[in-house]
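I opened the notebook with two things to look up.

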Amino acid sequence: MRIGPEHVAQYAAEGCTRIEGAFDARWVERLLAAIERCRAAFATGCPPRLVGSVGPRNPPSIHRTGEGGIQLRNCMSTDTTFLDWLRSSPAAELVGRITGARSVRFWMDATFIKEAADPGTATPWHNDVCTFPFQGEQQPSLWVALTDVGPEDAPLLTLAGSNHDRWRYHSPLSRQDVRLPGYRPWDELLARATAPDADIRVWTARAGDALLIHPRTIHASRAAGRGRRRVAFTTRWLGSDVVWAPDALSVHVAGLSDHPAMVPGAPPPDALFPVLWQA
Ligand SMILES: O=C(O)CCC(=O)C(=O)O
């Protein structure tokens with residue numbers, strides 16, 4: 001893997017950069033196998049067993065997206081391969097070097113599997129920070145392609161420069177009865193991303209390539225193509241400028257949101273969010 005000044009500059013300017021060959025074929029193969037084990041466990045009707053812990057997080061879950069799409073969430077602690085990847089792969093260093101964070105901690109993960117040509121497999125326009133209970137610039141998502149992603153294979157799309165927004169958007173996934181200052185309506189995000197002159201980047205990738213996405217970058221994916229399978233494993237990270245700052249629109253995490261060690265305005269404590277890389 002090579003991280004150069006061009007990655008740092010593109011991430012800062014546009015809110016997304018692609019790191020080619022970030023993970024080698026062995027990591028791709030191991031992660032795909034772990035994802036299949038996790039999915040197979042859900043197919044038995046019971047959630048997968050936890051084999052380790054990354055601290056209090058929501059339990060693993062599986063969600064359908066259209067006819068041919070599956071999303072797995074919070075699977076990190078269900079397989080030693082994921083935990084090994086977290087600690088031994090170049091992931092944490094990559095996040096630190098591109099964001100400029102002095103230290104890097106893991107926050108959460110999701111896996112996006114798209115297997116059929118159904119418009120419902122497209123990921124809707126959104127940004128990731130809208131439900132995060134933290135504040136800080138250094139909360140990126142590291143999206144790893146585990147299959148080749150051509151223009152017809154549900155590539156990720158980003159609205160270049162939206163990382164510079166000074167506000168959040170209200171998410172359709174969070175409470176609709178609450179409006180907070182600093183949040184704008186979801187319709188505005190959608191209107192910007194779908195405007196005829198929107199500066200949209202289409203991120204094709206080879207298996208093992210990674211995209212680093214700024215938490216405010218507005219993004220989506222195209223739907224899966226006919227007869228093609230697209231798998232991406234994405235992880236969220238916390239850098240050294242991040243502090244705990246939940247509000248009424250943040251995701252609630254049982255065992256974390258009310259944990260006495262989580263102090264508003266303070267960094268995430270080492271005991272619950274171990275540092276995985278330091279500059
Ligand atoms: O891979 C996808 O389809 C969507 C990924 C995404 O939106 C995310 O990780 O926030």
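My entries follow, ligand first.

**Entry 1, the model.** I noted at the start that this is a predicted model.

Where does the ligand sit? I found that the ligand takes up the space of the largest pocket. I then looked up which elements give two or more residues to the shell around the ligand: strand S4 (103-114), strand S12 (219-221) and strand S13 (230-238). The largest share comes from S13, with three residues.

**Entry 3, the shell.** I listed the residues around the ligand. They are Phe-112, Lys-114, Thr-123, His-126, Asp-128, Trp-143, Leu-156, His-219, Ser-221, Arg-230, Thr-234 and Arg-236. I sorted the shell by class and got three nonpolar, five polar and four charged residues.

Next I checked distances to ligand oxygen atoms. For Thr-123, a side-chain N or O atom is 2.6 Å from an oxygen atom of the ligand. For Trp-143, I read 2.9 Å from a polar side-chain atom to a ligand oxygen. For His-219, the distance from a polar side-chain atom to an oxygen of the ligand is 3.0 Å. I also looked up the cover: on its own the ligand has 290 Å² of accessible area, and the protein covers 99% of that.

How many salt bridges does the structure hold? I have 21. I picked out one of them, where the side chains of Arg-37 and Asp-79 meet at 2.8 Å, N to O. Arg-37 belongs to helix H2 (residues 25-43), while Asp-79 is in the loop between strand S3 (69-73) and helix H3 (80-88), so this pair ties together parts 42 residues apart in sequence.

Notes. Residues are numbered from 1 along each chain as its sequence is written. This is a predicted model: local features need pLDDT of at least 70, side-chain atom pairs count only at pLDDT 80 or more; totals for chains, interfaces and linings use all residues. Side-chain values use heavy atoms; hydrogens and water are left out. A residue is near a molecule or strand if one of its heavy atoms lies within 4 Å of it. A polar contact is a pair of N or O atoms within 3.5 Å; within protein, one must be able to donate a hydrogen and the other to accept it, and residues adjacent in sequence count only if both atoms are side-chain atoms. Accessible areas come from the Shrake-Rupley method with a 1.4 Å probe; for residues, only the protein chains shown count as cover. On a 1 Å grid over the protein atoms alone, a cavity is a set of points where a 1.4 Å probe fits but cannot get out, and a pocket is an open set with protein on both sides within 12 Å along at least five of seven lines; lining residues have an atom within 4 Å of a point. A molecule sits in a cavity or pocket if more than half of its atoms lie within 2 Å of its grid points. Helices (H or I, at least four residues) and strands (E, at least two) are DSSP runs, numbered from the N terminus. Ala, Val, Leu, Ile, Met, Phe, Trp, Tyr, Cys and Pro count as nonpolar, Asp, Glu, Lys and Arg as charged, and the others, Gly among them, as polar. A salt bridge is a side-chain nitrogen of Lys or Arg within 4 Å of a carboxyl oxygen of Asp or Glu.
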